[in-house]
Amino acid sequence: MKLSVIGCGYLGAVHASAMAELGHEVVGIDVDAAKIMQLAAGKPSFFEPGLPEILASAGASGRLRFSTDMADVADATVHFVAVGTPQMQGSHAADMSYVDAAVAGLLPYLKPGDLVVGKSTVPVGTAARLAQLIADSGTGATLAWNPEFLREGFAVKDTIEPDRLVYGVADESAAAVLDEVYAAALAAGTPRISTDYATAELVKVAANAFLATKISFINAMAEIAEVTGADVSQLADAIGHDARIGRRFLNAGVGFGGGCLPKDIRAFTARAEELGRGESVAFLKEVDAINLRRRQRAVDLAVEALGGSVYNKRIAVLGVTFKPNSDDVRDSPALDIAVQLKGLGAGVISTDPQGIENARLRHPQLDYTDSIDEALNGAELVVLATEWTHFRELDPAHVASLAAGRTIIDGRNALDAAAWRAAGWTYRGMGRP
Ligand code: UDX
């Protein structure tokens, strides 16, 4: 099939390459010429395992092109809209200007029978509004909403082998087109839910709201564990054995960040309030508040560990990205903690295997090093903020040979507490004695 993908950020670049990898002929469109040039050269502007490989193989096959010219979508019959919906400045609502601009930009090139497929995470009601706009255009094109559930770090796998496909459609002909696009996944047995626009839009935000709630739930238990001497990791193991609860996404620590969960729960709350149903998701404000408190807790632990003040103390912060296997620092707890410690007068030095370049753009006032050893050298306190394997596998004796202090704060409960203690460290986890 001939496909276009409008927006070549994280979602769009992965979707375009994955669709070409599956045999479709794809053109990726973005207004950012530098991004397009990089993608055309097979070099994504962000770190995602496996993406350079499929960009190269799809590019070599001739099935994948990138362009800044919207006119290049003219041959395609299915047009994916994969632009961002960031949190609006000064509000919790989603900024819809990129989605609106993408659809407006597509209109002059749409033909009868074309299908516009929204993938962006949007406030419920958007698809119906855009479907009307497309119907009014008289182009003969129609709209479907097909939310994306990919995780950073697993984006290629999640796109090629999704755990479910959700179609928001107005009629079955649109679902049949999407079935053709995703024929490979469907043949492999991927469950497919074909529904209305509103349900499809809500599936995405409901899934992210649930995941965020699950994390904040266990972090709330960590807060209770902290005043009772209980161990939240063992608690998570124990409740996780109940298949109805499940152990995944029950890791307490400094909480969730990234470009999706924080902004999606805020945008969902804002949209529910607009719809007069704010009370239905009022708990998401608590989910957000618990999440932000855990970053503060890590800072408080650092202050406590250093005898009441971090002023002029050298602190190594391990990690800047919001999670491992990503270079994304959007709303990253790790960076937030480093910034807060620096604000309290600490000499913070941050290290990360992938995220330093992005972190420096956002927080040029912080000090960074590529070398873990350099970060640890002379550190009076070590804070693990992102659980990269590089940090999980650190040898406590080696770290002791570099650091000046002997306290480690494990902001992700990712280290072997007993091993660190045995090597002479004071180990402080999150919600653990
Ligand atoms: C998320 C959703 O998982 C994905 O389905 C959606 O499409 C986009 O948002 P992503 O942002 O890539 O994906 O990251 P995810 O792996 O979900 O982690 C989100 C955050 O939660 C990270 O900061 C992670 O460190 C944190 N987290 C995750 C926890 O603190 N504890 C956990 O148990 C799990």
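Modeller: Let us begin with Gly240, which has 15 other C-beta atoms within 10 Å and is therefore partly exposed. Please keep in mind throughout that this is a predicted model.

Colleague: Why is Gly240 called partly exposed rather than buried or exposed?

Modeller: A buried residue needs 20 or more other C-beta atoms within 10 Å and an exposed one has 12 or fewer; the count for Gly240 is 15, so the label in between applies. The residue is found in helix α10, residues 232–240, and, not counting residues up to four places away in sequence, Gly240 touches Ile245, Gly246, Arg247 and Leu250. Its C-alpha atom is separated by 47 Å from that of Ser67, which is 173 residues apart from Gly240 along the chain.

Colleague: What makes Ala18 count as buried?

Modeller: Ala18 has 26 C-beta neighbours inside 10 Å, and the label asks for 20 or more, so Ala18 counts as buried. Its place is in helix α1, residues 10–21, and, leaving aside neighbours within four places in sequence, Ala18 is in contact with Ile54, Val156, Thr159 and Ile160.

Colleague: How do you know that Ala18 and Val156 are in contact, and how far apart are they in sequence and in space?

Modeller: Contact is judged on C-beta atoms placed from the backbone, which must lie within 7 Å, and Val156 is listed among the contacts of Ala18 on that basis. Separately, the two residues are 138 residues apart in sequence and 6.7 Å apart in space, C-alpha to C-alpha.

Colleague: Why are Lys35 and Thr121 given the label they have?

Modeller: Lys35 has 21 other C-beta atoms within 10 Å, and with the cut-off at 20 or more it is therefore buried. It is found in helix α2, residues 33–40, where its contacts beyond four places in sequence are Cys8, Asp30 and Ser45. Thr121 has 25 C-beta neighbours inside 10 Å, so Thr121 counts as buried as well. Thr121 lies in the loop between β5 (115–118) and α5, and its contacts, with neighbours within four places in sequence left aside, are Thr85, Pro147, Lys204, Val205 and Asp264.

Colleague: What does the record list as "active site", and why is that residue called buried?

Modeller: UniProt lists Cys260 for "active site", again in an unreviewed entry. Cys260 has 24 C-beta neighbours inside 10 Å against a requirement of 20 or more, so it counts as buried. It is found in the loop between α10 and α11 (261–274), and it is one of the closest residues to the ligand, together with Glu152, Asn251, Phe256 and Gly258.

Colleague: How do you know that the ligand lies between the two domains?

Modeller: The domain assignment gives domain 1 (2–194) and domain 2 (196–433), and both give residues to the shell around the ligand, so it lies between them. In total, 19 residues surround the ligand, dividing into ten nonpolar, six polar and three charged. Helix α9 (residues 197–228) gives the most to this shell, with three residues.

Colleague: What makes up the contact between the domains?

Modeller: There, 25 residues of domain 1 are in contact with 26 residues of domain 2. On the side of domain 1 that touches domain 2, α5 gives the most, with four residues, and that side divides into 17 nonpolar, seven polar and one charged. The C-alpha centres of the two domains lie 31 Å apart.

Conventions:
Residues numbered from 1 in each chain as written. Predicted model: local features only at pLDDT ≥ 70, side-chain atom pairs only at ≥ 80, totals over all residues. Near = placed C-beta within 6 Å. Helix = DSSP H or I, 4+ residues; strand = E, 2+ residues; numbered from the N terminus. Nonpolar A, V, L, I, M, F, W, Y, C, P; charged D, E, K, R; others polar. Domains from an automatic or database assignment. Contact = placed C-beta atoms within 7 Å. UniProt positions renumbered as here; feature names shortened; annotations may be inferred.
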